[in-house]
Amino acid sequence: MASNVLMPKMGYDMTEGKILRWMKNEGETVNKGEPIAEIQTEKVNIEIEAFDSGVLAKILHQAGEDVPVGEVIAIIAQPGEKVEAPAGKAQAPAAKAEAAAAPVAQATEYPEGPSLTYPTAAPVREGRLKSSPLARKVAAERHLDLAQIPGTGPGGRIVRKDVEAASSRAAGALAPAAAVRAAAPVAVAREDRPVTLTRMRQAIARRLTESKVAAPHFYVTTAVDMTEAVAFRTQFNAAVSAEEKASYNDMIVKAVAKAALKFPAVNASWNETEIVERGAVNVGVAVALPEGLVVPVLHGAGDKSLPAIASETKEIIARAKANKLKPEEMGGGTITVSNLGSFDVESFTAIINPPESAILAIGSIKKEPVVDAKDQLQIRSIMRITMSSDHRVIDGALAAQFLAEVKRLLQTPMLLLI
């Protein structure tokens with residue numbers, strides 16, 4: 001019996017996918033589980049597998065076509081079986097003309113130089129000026145007004161040295177302005193550079209804008225003393241295989257997963273008519289790529305051991321960077337961890353990844369002076385975590401309790417092994 005191959009839905013808001021290439025031709029034999037086509041979602045390229053064995057009887061959409069989610073893209077039949085294309089086969093959407101946006105004229109602002117204060121001119125004297133012929137000659141050569149030059153000669157007579165002194169003061173007053181003009185930066189004309197939006201960038205912009213607008217975010221931050229966690233990680237990694245060695249992020253994922261099991265109201269989503277507390281704890285791990293951001297999901301993290309989390313997280317991050325994530329690794333997340341500690345970021349806030357209700361933003365671990373319970377000053381390894389919560393689902397007290405549990409687990413790292 002013939003079976004349809006559908007455009008799969010991989011991701012919360014995926015509406016269509018592009019067929020990049022067919023890996024089988026019409027008439028070729030296919031086996032169940034064998035890759036038959038590569039498609040491109042807004043975030044990744046994924047190979048889709050045959051769900052039945054048989055012959056690839058019909059290819060309904062060619063490489064390069066965008067196809068809505070759920071539409072039949074091919075038919076697998078048994079050898080000799082006749083098949084027909086389903087009625088109402090959607091046509092590939094017409095290519096959209098891309099109008100290049102006219103560059104927006106921008107007003108150029110030039111920095112103002114420092115204001116200068118010039119010496120106030122000497123008061124103009126009234127009456128007949130007394131001056132020597134040589135003083136008048138020097139003043140004329142240097143374009144100085146004798147009326148503004150105080151005389152020191154007999155009866156206030158202006159002499160040559162008075163003119164030269166006035167000339168020096170004028171030169172000194174002008175010197176700073178000339179120096180500033182010489183040191184002023186030279187304006188360099190740089191042209192705007194338009195960057196074409198990739199499908200991934202469009203998806204990130206759309207989803208996070210929707211999240212920020214629809215979900216009323218609030219933020220709770222706590223400082224975690226990671227001193228014991230640092231020592232624990234050293235001992236743990238010395239005792240396990242290379243694949244199981246844990247990063248700090250693996251420990252945080254484990255702590256978040258355990259806390260989510262304890263607080264199911266955090267591991268929940270809003271769907272307008274009800275709040276759904278998710279049965280499984282699936283932790284998304286934000287991964288930065290040159291093209292943008294992807295969030296592969298570690299399914300069942302709440303039930304996995306720390307070595308298993310460390311091993312599987314390495315795999316999904318490697319596949320994410322190689323653009324080889326599997327469809328099931330791209331969706332189903334219930335809570336996300338975003339870590340910028342490796343970029344020396346002390347703390348930050350993150351936008352919730354819908355339909356989840358919380359995301360934890362992790363900063364770097366830094367040594368800081370801390371006053372202990374005995375009022376003694378100690379140097380400890382401190383890390384800050386900021387939790388963004390959807391206030392439709394999570395209230396402030398609940399967020400604080402959840403974050404306190406994550407903090408307790410990290411500050412008592414042996415609990416991560418239980």
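I will start with helix H5, where Asn249, Asp250, Met251, Ile252, Val253, Lys254, Ala255, Val256, Ala257, Ala259 and Ala260 are buried, buried meaning under 20% relative accessible area, with exposed meaning over 50% and partly exposed in between, using a 1.4 Å probe and protein chains only. Please keep in mind that this is a predicted model, in which local features need pLDDT of at least 70 and side-chain atom pairs count only at pLDDT 80 or more, while totals for chains, interfaces and linings use all residues. Residues are numbered from 1 along each chain as its sequence is written, and side-chain values use heavy atoms, with hydrogens and water left out.

Helices (H or I, at least four residues) and strands (E, at least two) are DSSP runs numbered from the N terminus. H5 is mostly covered, with 11 of its 15 residues buried, and from its first C-alpha to its last it reaches 21 Å, close to the 21 Å expected at 1.5 Å a residue, where the expected span is 1.5 Å times one less than the number of residues.

Now to the second largest pocket, which has a volume of about 530 Å³. A pocket here is an open set of points on a 1 Å grid over the protein atoms alone, where a 1.4 Å probe fits, with protein on both sides within 12 Å along at least five of seven lines, and lining residues have an atom within 4 Å of a point; the volume is the space filled by probe spheres set on the points, which are joined across faces, edges and corners. Its lining has 22 residues, and Asn339, Leu340, Gly341, Ser342 and Phe343 lie nearest its centre. Among the elements that give two or more residues to this lining are helix H5 (248–262) and strand E17 (358–371), and E17 supplies the largest share, four residues.

Which strands form the open sheet, and in what order? Four of them do, in the order E1-E8-E6-E3, with antiparallel pairing. Strand E1 (3–6) and strand E3 (29–30) stand at the edges with a single partner strand each, so one side of each is left without a neighbour in the sheet. E1 and strand E8 (residues 72–77) pair over four bridges, pairing requiring at least two DSSP bridges, and valine 5 stands opposite alanine 74 in E8.

Finally, glycine 64 lies in the loop between strand E6 (54–59) and strand E7 (66–68). Glycine 64 counts as partly exposed, at 46% relative accessibility. Its C-alpha is 5.6 Å from that of leucine 20, 44 residues apart along the chain.
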